[in-house]
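The following note sets out comments on the model under review, arranged as numbered points. The contact between the chains is taken up before the individual elements.

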Amino acid sequence: MSEPYYKPEDLADFANIGEHSPELAASFFDYYGKATGAGKLTEREKALIALTVATVRHCPYCIDAYTNKCLSLGVGNDEMMEAVHVGAAMVAGDTLAHATQIRKIIRKKEM
Amino acid sequence: MDPRQQLAMLEIPSRRESFVERLKAIEIFPLCATGIEILQLNITRRCNLTCRHCHVEASPDRQEMMSEEVLAECVRIAHIPEINTIDVTGGAPELHPQLPWLLRELATTKKRIIVRSNLAILTEGVCQPFPQMYRELGVEIVGSLPDYTSERTDRQRGSGTFTRCITAIRQLNKIGYGLEGTGLILNLMHNPSGAFMPGNQSSLEHEYKRQLRERFGVEFNGLFVLTNCPIGRYLDYLISSDNLDDYMAVLASAFNPAAVSNVMCRNTLSIGWDGRLYDCDFNQMLDLVVNDGSPTHIGQFDLKRLSHREITVRNHCFACCAGAGCSCQGALDT
């Protein structure tokens, strides 16, 4: 069987994404650090947001990184699951909201 | 697992990065002491608890106790002007019958005296008078509380421990410990309840303060965050849960050169129950006495030679140099 595309050890390689474009990577990491660091929202709250986005986006690296970060920051297992349910509800909601397009087309096309 | 096996487990070359090589790469090898400001005394390995993360592998069955002769030597050395802090640890120091004598003698030095308490022990009958004695002598308390939830604390330290710790903190607050303006310091020590690194110290302190105040009405001064060192019972846990490789890789990838220059072993001397000298409590549990050439027993204490000794480092040292770095005084860079 061929190797999987996603390998856990590749997470550590994220720091090297600047290999062929160091300036852009530096700008990204600067932005990333500021966006995810404590501001008006706490680091803890932002970690939960990031974990939810990671799960919704199905990113195994980010799920790994932010589950660990949430654990490190003392976020409860129940809090993590509660946050992911917000993501799940949003995905369900935005899927259903798009059914408006289906209904609009049906209205237009059906006799 | 004996210390030699533990070291071997951490140093399998094909599976682990080498801490020594990392130090060489940043040109800080050998790592040398800068002096001795902190004297850390591990006076007993006996403890009322048997915590799953304990690097000392302390338990009620341990027999090691510092003798009166070694205690007296420690007191003599504590008077040396260069030393400004005496840090008493264990096991549970309260289980050493000579602790009151030791603290009274140390108090005559007028230096900062710290006792590391597991807190739960202060609720046990014979130990209930200790908080008052700590108060009289101006002892600073570092209390171990791995988490602000009972679930995670008890998972690590045994059922019912969290409630007893809260009872102890409440009693300490009652006599002024942990309250602003009293000068009676109660710091808490956090370490992760699992195979991951601790979070940012100030974020965790904020959450600990909020949770403990809102849910239990208790106060403390500051939170020290400690990365679990992959030795002792914590190493057993990492192996049995198949987390050792990942954990070592995480520590190595979080290696922070800036933390190395501030690491605690550079200004600390750790003294074992039998009077042997070590760079830190972790090295003590791995039987790594101070480097060859330095005196290795308190009976041959030599400030000049020990102050600039070469520190013995192995792969477990990644734990103190990962992320913000950590020490018995908490994160090195918050």
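This is a predicted model: local features need pLDDT of at least 70, side-chain atom pairs count only at pLDDT 80 or more; totals for chains, interfaces and linings use all residues.

1. The contact between the two chains draws on 12 residues of chain A and 14 residues of chain B. In chain A, helices α2 (43–56) and α3 (60–72) each provide at least two residues of the side that touches chain B. The largest share of that side comes from α3(A), with 4 residues.

2. The largest nonpolar core holds 115 residues. Those touching the most other members are C70(A), I141(B), C165(B), I169(B), F318(B) and C321(B). To this core helix α7 of chain B, residues 161–174, gives the most, namely 6 residues.

3. C165(B) deserves a separate remark. Once its neighbours within four places in sequence are set aside, C165(B) is in contact with L119(B), A120(B) and L145(B).

4. After α2(A) comes H58(A), which has a positive phi, near 55°.

5. Which residues of α2(A) are buried? They are E43(A), R44(A), A47(A), L48(A), L51(A), T52(A) and A54(A). The cover over the buried residues of α2(A) includes, from chain A, α3 and α4 (77–109), and, from chain B, α8 (201–216).

6. The make-up of chain A may be stated briefly. Chain A contains 4 helices and 0 strands, and its elements run α-α-α-α from the N terminus on.

7. The overall dimensions of chain A should be read against the globule rule. The radius of gyration of chain A is 19 Å, whereas a compact globule of 111 residues would have one near 13 Å. Taken along the principal axes, the C-alpha atoms of chain A fill a box of roughly 60 × 35 × 35 Å.

8. Of its 111 residues, 15% are buried. When contacts in chain A between residues at least 6 apart in sequence are considered, 56% join residues at least 24 apart.

Key
Residues are numbered from 1 along each chain as its sequence is written. Chains are lettered from A and ligands numbered from 1 in the order in which they are written. Two residues are in contact if their C-beta atoms, placed from the backbone, lie within 7 Å. A nonpolar core is a set of buried Ala, Val, Leu, Ile, Met, Phe, Trp, Tyr and Cys residues joined through C-beta atoms within 7 Å. A residue is buried if 20 or more other C-beta atoms lie within 10 Å of its own, exposed if 12 or fewer, and partly exposed in between; C-beta atoms are placed from the backbone. The radius of gyration is taken over C-alpha atoms; the globule rule is 2.2 Å times the number of residues to the power 0.38.
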